[in-house]
Amino acid sequence: MLNLNNTALTLLRLGRLQEALNIHKECASTVEFVLGEKNPLYLFCCQNIGIALHSLGQYQEALETFHKCKYLFKNALGEKNYEYLNILCGIGCCLYSLGR
């Protein structure tokens, strides 16, 4: 699964955003099915979906994804976890992009 996620991250960096998003969604779906939504790998997959959506200019959908991530990260890792703070930054970026 990590290879699939790494491929998606590489595609994102290459500007192949829709392909990256599709792979991130596939990865998240598989990880959720096998390991559950509280597994850190699933949390990172969801975070990557939010990043890809934001990169595609789909700010509202990215915002919704980051809010879901916020809830999952808070329950799984706590509010003082570094990655939880990254999710808050993602929410802020989406709100800024939406003019809110």
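Okay, let's start with how helix packing is described here: axes are lines fitted to C-alpha atoms, for helices over the stretch in contact, and angles run from 0 to 180 degrees between N-to-C directions. Keep in mind that this is a predicted model, where local features need pLDDT of at least 70, side-chain atom pairs count only at pLDDT 80 or more, and totals for chains, interfaces and linings use all residues. Residues are numbered from 1 along each chain as its sequence is written, and side-chain values use heavy atoms, with hydrogens and water left out. Helices are DSSP runs of H or I with at least four residues, numbered from the N terminus.

So, helix 2 and helix 3. Helix 2 covers residues 17–35, and its angle to helix 3 is about 160°, with the axes 9 Å apart. That makes the pair roughly antiparallel, since angles over 145 degrees get that label, under 35 is roughly parallel, 65 to 115 roughly perpendicular and the rest oblique. The crossing of helix 2 with helix 3 is left-handed, meaning that the near helix is turned anticlockwise from the far one by less than a right angle; clockwise would be right-handed.

Who touches whom? On the helix 2 side you have L17, L21, H24, K25, C27, A28, V31 and E32, and they meet L41, Y42, C45, N48, I49, A52, L53 and S55 of helix 3. By contact I mean heavy atoms within 4.5 Å. Sorted by class, that's 11 nonpolar, three polar and two charged residues. For the classes, Ala, Val, Leu, Ile, Met, Phe, Trp, Tyr, Cys and Pro count as nonpolar, Asp, Glu, Lys and Arg as charged, and the others, Gly among them, as polar.

C45 sits in helix 3 and is buried, at 0% relative accessible area. Buried here is under 20%, exposed is over 50%, and partly exposed is in between, using a 1.4 Å probe and protein chains only. Leaving aside neighbours within four places in sequence, C45 contacts N5, C27, A28 and V31. Its C-alpha is 9.6 Å from that of C69, 24 residues apart in sequence.

C46 is also in helix 3, and at 5% relative accessibility C46 is buried too. Setting aside neighbours within four places, C46 is in contact with T65 and C69.

Next, helix 3 with helix 5. These two pack at about 20°, with axes 11 Å apart, so they're roughly parallel. Their crossing is left-handed. Helix 3 brings F44, Q47 and H54, while helix 5 brings E83, N86, I87, C93, C94 and S97. That contact has four nonpolar, four polar and one charged residues.

Last up, helix 4. Its buried residues are A62, L63, T65, F66, C69, L72 and F73, and their cover includes helix 3 (40–55) and helix 5 (82–97). Just after helix 4, G78 has a positive phi of about 90°.
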